[in-house]
Amino acid sequence: MKRRDFLISTAAVAALSIANIPIVSFANVARDPHDEDFWNFVRSQYDVTSDVTNLEAGYWGIMSIPVTQAYLKHTHFVNQNSSYYVRRNYWNDYGKIIARLAKKLGVGEDELVLTRNASEAMSSLINGYNKLEPGDTVIYADQDYGSMQSEMRYLKQYRGVDVIDIAIPEPASYEAVIDAYRVALDQNPKCKMILLTHVSNRTGIITPVREIAGMCRARGVDVLLDAAHSWGQFEFDLQDLGVDFIGFNMHKWMGVPLGVGLLYIRKNRVFDIDPLRGEAGPENDDVRTRIHTGTVNFASVLTIPDALDFRENIGQKNIENRLRSLRNQWVSQVLDNDKVEILTPEDERMYAAITSFRIKGKNSYEENFALMNLLHDKYGIFTVAISGLAKGGGIRVSPSLYNTREDMDKLAAAINDITA
Ligand SMILES: Cc1ncc(COP(=O)(O)O)c(C=O)c1O
């Protein structure tokens, strides 16, 4: 067989095999989230490599089989109908998708615009936030995402503001995190804007956003919220957060194909974010002018409703509870190990799926990189080493719906073995 024919046929077989897996309706499954059989069924809806135990869903979350099948169908449809579809009907379909997302989030349809990821959404907010004057202060923390930190630091050059970097206390607690921001706000009365991360990519810590945003509002400080990791990992009420500017991801925990994020700007705040360079006159209050993606993967966007259906079939609160219980499964087995530091507090308000740990005294990134490799090479477990915390590095563990309780036991046993 010629190489080209071979490549075509293996790709076609792979695509066909997933396209042909019969869909089992959730309607025929006893939906008892306390029953492990139910979660075995959910797991059977994912086609995941058995080469490794993947506990690194924090990078992005893979699509379930039904969502992959829908994505293949949409890809074929978009490819077949091309510009003829996109120019005439895509924006109508886009509007329906935005309407469904707006309803889910409890916001207006004119307050949302799709992006290609959370970075794009947050970059537009941080760079576009136009209420800063030279001499004002902005604040971010060590647990924020690296590229958002850089965007914040760039405001010194770009807007002439002072940029303050604070450390989230370690070990963290609900009150200690709130206090850290209270102190920072008290010490920086010229602060006009802060960056908050709903779930830290470094530790999985869920930030008490409502309380911190409340303190900020009382001082006339705006919050830009990086919600790259929260939507889909746990349930929250967007209005209750009290934040006017939010960047979301949908390819991490919402199970949407890669290449979809979301930007929220409260309607009466849209003028406080500049339209993208030349995108529109400043009088233009259309949230869509705050993002310019260029051509996107239309099939990814069209798959959003399929991914939402899949999640709603499982039950969104059930997903949150399952993720938290997988996390508890491994943490509970290493909590008494005095050589291990769990960086994510034992407070259910502060974690869902993701939790990080380090072996006491091993704070450097290099040591954690070596530990990540040991977990992989000796135990067949894939995690990721983190850096950037004021106290150093660690290992981030992010299970997903395709993981089993045995996967979590395997990790706990490996950690206890390594530290024995
Ligand atoms: C907290 C946080 N913000 C933003 C991002 C960026 O997401 P994306 O790469 O999908 O734009 C990530 C990605 O890991 C993240 O963890």
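## Terms and model

A residue is called buried if 20 or more other C-beta atoms lie within 10 Å of its own, exposed if 12 or fewer do, and partly exposed in between, with C-beta atoms placed from the backbone. The model is predicted, so local features need pLDDT of at least 70 and side-chain atom pairs count only at pLDDT 80 or more, while totals for chains, interfaces and linings use all residues. Residues are numbered from 1 along each chain as its sequence is written.

Helix α12 covers residues 365-379, where helices are DSSP runs of H or I with at least four residues and strands are runs of E with at least two, numbered from the N terminus. The buried residues of α12 are Asn368, Leu371, Met372 and Leu375. Seen down the axis of α12, these residues fall within an arc of 100°, so they line one face of the helix; the arc is that of the directions from the helix axis to the C-beta atoms.

On the other side of α12, Glu366, Asn373, Asp377 and Lys378 are exposed. After the helix comes Gly380, which has a positive phi near 70°.

## Ile386 in strand β12

Ile386 belongs to strand β12 and is buried, with 24 other C-beta atoms within 10 Å. Leaving aside neighbours within four places in sequence, Ile386 is in contact (C-beta atoms, placed from the backbone, within 7 Å) with Arg202, Ser356, Asn368, Gly393, Gly394 and Arg396. Ile386 and Arg202 are 184 residues apart in sequence, yet their C-alpha atoms are 6.0 Å apart in space.

Technical notes
The expected span of a helix is 1.5 Å times one less than its number of residues. Two residues are in contact if their C-beta atoms, placed from the backbone, lie within 7 Å.
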